[in-house]
Amino acid sequence: MDKALVGMCVNERRFVKIPPKLAYGSEGVPGVIPPNSVLHFDVLLVDLWNSEDEVQVQTYFKPEKCPRTVQVSDFVRYHYNGTFLDGTLFDSSHNRMRTYDTYVGIGWLIPGMDQGLLGMCVGEKRIITIPPFLAYGEDGDGKEIPGQASLVFDVVLLDLHNPKDGITIENQHVPESCERRSQTGDFLRYHYNGTLLDGTLFDSSYSRNRTYDTYVGKGYVIAGMDEGLLGVCTGEKRRIIIPPHLGYGEEGRGKIPGSAVLVFDIQVVDFHNPSDSVSITVNYKPSNCTVLSKKGDYLKYHYNASLLDGTLLDSTHSLGKTYNIVLGSGQVVVGMDMGLQDMCVGERRTVVIPPHLGYGEDGVEGEVPGSAVLVFDIELLELVSGLPEGYMFVWNGEVSPNLFEEIDQNHDGEVLLEEFSEYIQAQVDSGKGKLAPGFDFEKIVKNMFTNQDRDGNGKVTAEEFKLKDQEAKEQHDEL
């Protein structure tokens, strides 16, 4: 038999015929093998090893990029099929649908596996063959693995990190113009794809067609992302690699397994700080710029509205008409009211409006995203000076001492809305009076009349009728 087994391979089958002189000779084995017996053996070799054997590693796939390999004390996640040398399967992490997660090189594994995993890249596949004295030895594991068994592990490495790791940032695109970088307390809107180290996608804001919006450095996101989002520019793209102790830890969450390294490819859409005010950049100012816009003025202007990343939202140029407002009357967002102040006709400026002075957290459905910073490129085309604050109508000359009698055309001692409206219209048409520009004539006149009709009976008497300067300013907007 010593001779017959020499040169055999595992899983080789031989029929061995041994003459008595090379077996048990003339004595045999009492009660089992008669003297001078020829012995026939049907042999199947299941396993073989030598005391001088070492762990054998055969890599059959290795990624082109291998920025990091497994070192002693790293924590790894891997899948494996465990077989004996004859191919018999004794265990598989694939069957359990759960990776095997462990530290390497510190005695948590059998010695042969500790050695076999060293130097692997994420995504690498290798076959690790381990002799029994570096596996479970003479006793086996008491379950599936018999004593003196060589073990074969077909391993694919999915993840690795070290407890000492911090986050890793790889800049993929940084805009040439970066006037401002994010700081603690800023509010960011960004898109991301979230994957595991092996490339498995677990989440994407793109698939939801909505940015992820959050404060930075305040604990609203996992610690690694809080750190990775600091110092970014609007429009920047970067990869943030986060070890599990700065991600979702040993437990994981949802589609993220425990102890997983996370990879986020992010694109910053915009950011602002709650303390930000409106930013104004004057791009062109006429040489003659003496009349400046103020509250109450009627303005006509063109604009292009976009997000900080350049996405166009709206444009008056495409509509072929100007946008017309009364400045400071609440007809536009607060930030635009601020941005149009002190502007002269012909001036062009860029106004950047943070969301708390724009459309806020809700935005405008289908038009402006929530919490978006807005950029308006504005050109003021026309300015009609408004009236002093609190006035809806002013006289251009001296006021008639018999004003009530002039309005009371039928001289019945009472003025109706129709009489009042006709009189005001006549004063405006003749140039004797001026209405606040930009408002509906009927609404202004009705407002003025209502303020004079102090008892609310639809008629104004001489006793009720008063000029603006005859009473406290805060009481009425009237003549």
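**View 1. Strand E10 and its partners.** Strands E10 and E12 run antiparallel and are joined by 4 bridges. Two strands count as paired if DSSP finds at least two bridges between them. Helices (H or I, at least four residues) and strands (E, at least two) are DSSP runs, numbered from the N terminus. The model shown here is predicted, so local features need pLDDT of at least 70 and side-chain atom pairs count only at pLDDT 80 or more, while totals for chains, interfaces and linings use all residues. Residues are numbered from 1 along each chain as its sequence is written, and side-chain values use heavy atoms, with hydrogens and water left out. Back to E10: it also pairs with E14 in the antiparallel sense, over 10 bridges, and there His191 stands opposite Gln267. With E11 (residues 201–204), E10 pairs antiparallel over 3 bridges, and Asn193 faces Ser204. E10 and E11 make a hairpin with 4 residues between them, and Gly199 in that turn has a positive phi of about 95°. E10 is mostly covered, with 9 of its 10 residues buried. Buried means under 20% relative accessible area, exposed over 50%, and partly exposed in between (1.4 Å probe, protein chains only).

**View 2. Phe187 and Tyr215, a bridge pair that is also a ring pair.** Phe187 has Tyr215 in E12 as its bridge partner. Their rings form an edge-to-face aromatic pair, 4.8 Å centre to centre with 80° between the planes. Phe187 lies in E10 (residues 187–196) and Tyr215 in E12 (residues 212–215), so the pair ties together parts that are 28 residues apart in sequence. Rings of Phe, Tyr and Trp (its six-membered ring) pair if their centres lie within 6.5 Å; planes under 30 degrees apart are stacked, over 60 edge-to-face, and the rest tilted. Is Phe187 buried or exposed? Phe187 counts as buried, at 12% relative accessibility, whereas Tyr215 is partly exposed at 28%.

**View 3. Strand E13 and its two neighbours.** E13 (residues 237–242) pairs with E9 (residues 168–173) in the antiparallel sense, over 5 bridges. Look for Thr168, whose bridge partner in E13 is Ile241. E13 also pairs antiparallel with E14 (residues 262–272), over 6 bridges. In that pairing, Arg239 has Asp265 in E14 as its bridge partner.

View 4. The ring-pair rule gives a count of 24 aromatic pairs. One of them is Tyr78 with Tyr80, a tilted pair at 6.0 Å centre to centre and 50° between the planes. Both of these tyrosines are buried. Tyr78 and Tyr80 belong to one aromatic cluster together with Phe84, Phe90, Tyr100 and Phe153. For another kind of ring contact, find Phe61: the charged end of Lys125 sits over its ring, 6.0 Å from the centre. A charge sits over a ring if NZ of Lys or CZ of Arg is within 6 Å of the ring centre and within 35 degrees of the ring normal.

View 5. Ser371 is in the loop between E19 (348–353) and E20 (374–384). It counts as buried, at 7% relative accessibility. Leaving aside neighbours within four places in sequence, Ser371 is in contact with residues including Phe187, Arg189, Asp270 and His272. Contact means heavy atoms within 4.5 Å. Leu387 sits in the loop between E20 and E21 (393–395), and Leu387 is buried too, with a relative accessible area of 8%. Not counting residues up to four places away in sequence, Leu387 touches several residues, among them Gly296, Lys434, Leu435 and Ala436.

**View 6. Two loop residues with a positive phi.** Most residues other than glycine have a negative phi. Met97 is not a glycine, yet has a positive phi of about 55°. Met97 is found in the loop between H2 (93–96) and E6 (100–103), and is exposed, with a relative accessible area of 75%. His411, not a glycine either, also has a positive phi of about 55°. His411 lies in the loop between H8 (403–407) and E22 (414–415) and counts as exposed at 63% relative accessibility.
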